[in-house]
Amino acid sequence: MNRHATRDDRNLVLVGFMASGKSTIGRRCAESLRFGFRDSDALLERRAGKPVSEIFEQEGEVRFRSLETAAIRDLARESRTVIATGGGAVLSGLNVARLRRTGYIILLWADPDEILARCGSRASRPLLACAEDPSARITELLAVREPLYHAAAHAVVHTSGLTRDEAVERVLDTYRSLCEAPASDRRQWPK
Ligand code: S3P
């Protein structure tokens, strides 16, 4: 039997800042768990017929957030699925409530310096693309989002200094622990 199979087939939801590894790590976790893998940005891009950067540019952030909320609503109906969310998904309480109902939310947390290094080309990241000082912009976004990430998540995995393989193992172990913990031990569960 797959060593990561669990008695509990609730979804595994990954939240975290841009470039925290949600999609790469999520895909690998899904393979291990034999779960499906879905990415909210990929779904909304498919529906809109254009990349996130163009949605921001042509229709604005408010429109992007409403497409994101619709994508998350639909993904939250899946089961046995790893769901990777966009870095701003936690800005909406409705998104968070839906994600918490559908599964266990794990926050991937990386040090801001590492995030900056990983963001590399900013062209596909509209919130950083036009920032004069990307480092200051990341600090500013994190100041707003850090408490929201922590409030949303059932557990946190610190990825700084870990290899991708180690991060995947850490997430799978965390997910398994959440599945096995008595409901009363799960932080803020149920919300
Ligand atoms: C965003 C993060 C992006 C994407 C959009 C907005 C954000 O996703 O949803 O550009 O608000 O942080 P990633 O976290 O996958 O880069």
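Colleague: What separates R65 and E61 by about one helical turn?
Modeller: R65 and E61 are four residues apart in helix α4, so about one turn lies between them. An α-helix has 3.6 residues a turn, so residues three or four places apart point the same way. Keep in mind that this is a predicted model.

Colleague: What makes R65 and E61 a salt bridge?
Modeller: Their closest N and O atoms are 3.0 Å apart. The cut-off is within 4 Å, so the pair counts.

Colleague: Is R65 buried or exposed, and how do you know?
Modeller: R65 has a relative accessible area of 17%. Buried means under 20%, so R65 is buried.

Colleague: Why is the link between K50 and E59 called a salt bridge?
Modeller: The closest N and O atoms of K50 and E59 are 2.8 Å apart. That is within 4 Å, so the name applies. K50 is buried, with a relative accessible area of 18%. E59 is partly exposed, at 33%.

Colleague: What about R73 and D74: how far apart are the closest N and O atoms?
Modeller: They are 2.9 Å apart, and the two residues form a salt bridge. D74 has a relative accessible area of 16%, so D74 falls under the 20% limit and is buried. R73 is partly exposed, at 33%.

Colleague: Which residues are linked with R73 and D74 in a network?
Modeller: R47 and R77 join R73 and D74 in a network of salt bridges. The whole structure has twelve salt bridges.

Colleague: Why do the buried residues of α2 line one face of the helix?
Modeller: The buried residues of α2 are S40, L43 and L44. Seen down the axis of α2, they fall within an arc of 90°, so they line one face. Their cover includes β2, α3, α4 and β3.

Colleague: What makes the side chains of β5 an alternating pattern?
Modeller: A155 and V157 point to one face and are buried.

Colleague: Why does L148 count as partly exposed?
Modeller: Its relative accessibility is 31%, which lies between 20% and 50%, so L148 is partly exposed. L148 sits in helix α8. With L91 and V144, L148 forms a nonpolar surface patch. Together the three have about 230 Å² of accessible area.

Technical notes:
Residues are numbered from 1 along each chain as its sequence is written. This is a predicted model: local features need pLDDT of at least 70, side-chain atom pairs count only at pLDDT 80 or more; totals for chains, interfaces and linings use all residues. Side-chain values use heavy atoms; hydrogens and water are left out. Patches are made of residues with over 30% relative accessible area and no salt bridge: like charges are joined within 9 Å, nonpolar side chains (Val, Leu, Ile, Met, Phe, Trp, Tyr) within 5 Å. Accessible areas come from the Shrake-Rupley method with a 1.4 Å probe; for residues, only the protein chains shown count as cover. A salt bridge is a side-chain nitrogen of Lys or Arg within 4 Å of a carboxyl oxygen of Asp or Glu. Helices (H or I, at least four residues) and strands (E, at least two) are DSSP runs, numbered from the N terminus. Buried means under 20% relative accessible area, exposed over 50%, partly exposed in between (1.4 Å probe, protein chains only). The arc is that of the directions from the helix axis to the C-beta atoms. Contact means heavy atoms within 4.5 Å.
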